[in-house]
Amino acid sequence: KGWGSFQGAFRFVGSVNTEMPIRHGEVSDRVEYMQEYLSFKGYKVAADRYFGDDTLKALKQYQKAQGLEADGIAGPLTLKAMEAR
């Protein structure tokens, strides 16, 4: 996938679901988009749609790097940060 199509897909998912956190254990397209984003940003995570331990670790690292609370939950602030970049 090209960056443009990915960016548009994540923007759509994020804008629709920014109040609905993505949590450890979830299996969904939203998880896959988040994993692709994290991977694009250089974090080691496979885009397998499952929010497992590797995704949790990568998300916490991303949150810390962005000055967000590193709680491992992709809530409204984290999703908005991802949408903006």
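Predicted model: local features only at pLDDT ≥ 70, side-chain atom pairs only at ≥ 80, totals over all residues.
At roughly what angle do the axes of H3 and helix H4 cross?

**View 1. Helix H3 crosses helix H4.** The axes of H3 and H4 (residues 76-84) cross at roughly 75° and come within 11 Å. Angles of 65 to 115 degrees count as roughly perpendicular, so H3 is described as roughly perpendicular to H4. On the H3 side, the contact is made by Leu59, Tyr62 and Gln63; on the H4 side, Thr78, Ala81 and Met82 take part. Four of the residues in this contact are nonpolar, two are polar and none is charged.

**View 2. Helix H2 crosses helix H3.** Helix H2 spans residues 29-40 and helix H3 spans residues 53-65. Their axes come within 11 Å, with a crossing angle of roughly 60°, which means that H2 is oblique to H3. The crossing of H2 and H3 is left-handed. Met34, Gln35, Tyr37 and Leu38 of H2 meet Thr55, Ala58, Leu59 and Tyr62 of H3. The residues of this contact comprise six nonpolar, two polar and no charged.

**View 3. Arg23 lies in the loop between helix H1 and H2.** Helix H1 covers residues 3-17. Is Arg23 buried, exposed or partly exposed? Because its relative accessibility is 46%, Arg23 counts as partly exposed. Leaving aside neighbours within four places in sequence, Arg23 is in contact with Phe51 and Ile73. Arg23 and Leu56 are 33 residues apart in sequence, and their C-alpha atoms are 8.6 Å apart in space.

Note on methods
Residues numbered from 1 in each chain as written. Heavy atoms only, no water. Axes fitted to C-alpha atoms, helices over the stretch in contact; angles between N-to-C directions. Helix = DSSP H or I, 4+ residues; strand = E, 2+ residues; numbered from the N terminus. Parallel < 35°, antiparallel > 145°, perpendicular 65-115°, else oblique. Left-handed = near helix turned anticlockwise from the far one by under 90°. Contact = heavy atoms within 4.5 Å. Nonpolar A, V, L, I, M, F, W, Y, C, P; charged D, E, K, R; others polar. Buried < 20%, exposed > 50% of the residue type's maximum accessible area, 1.4 Å probe, protein only.
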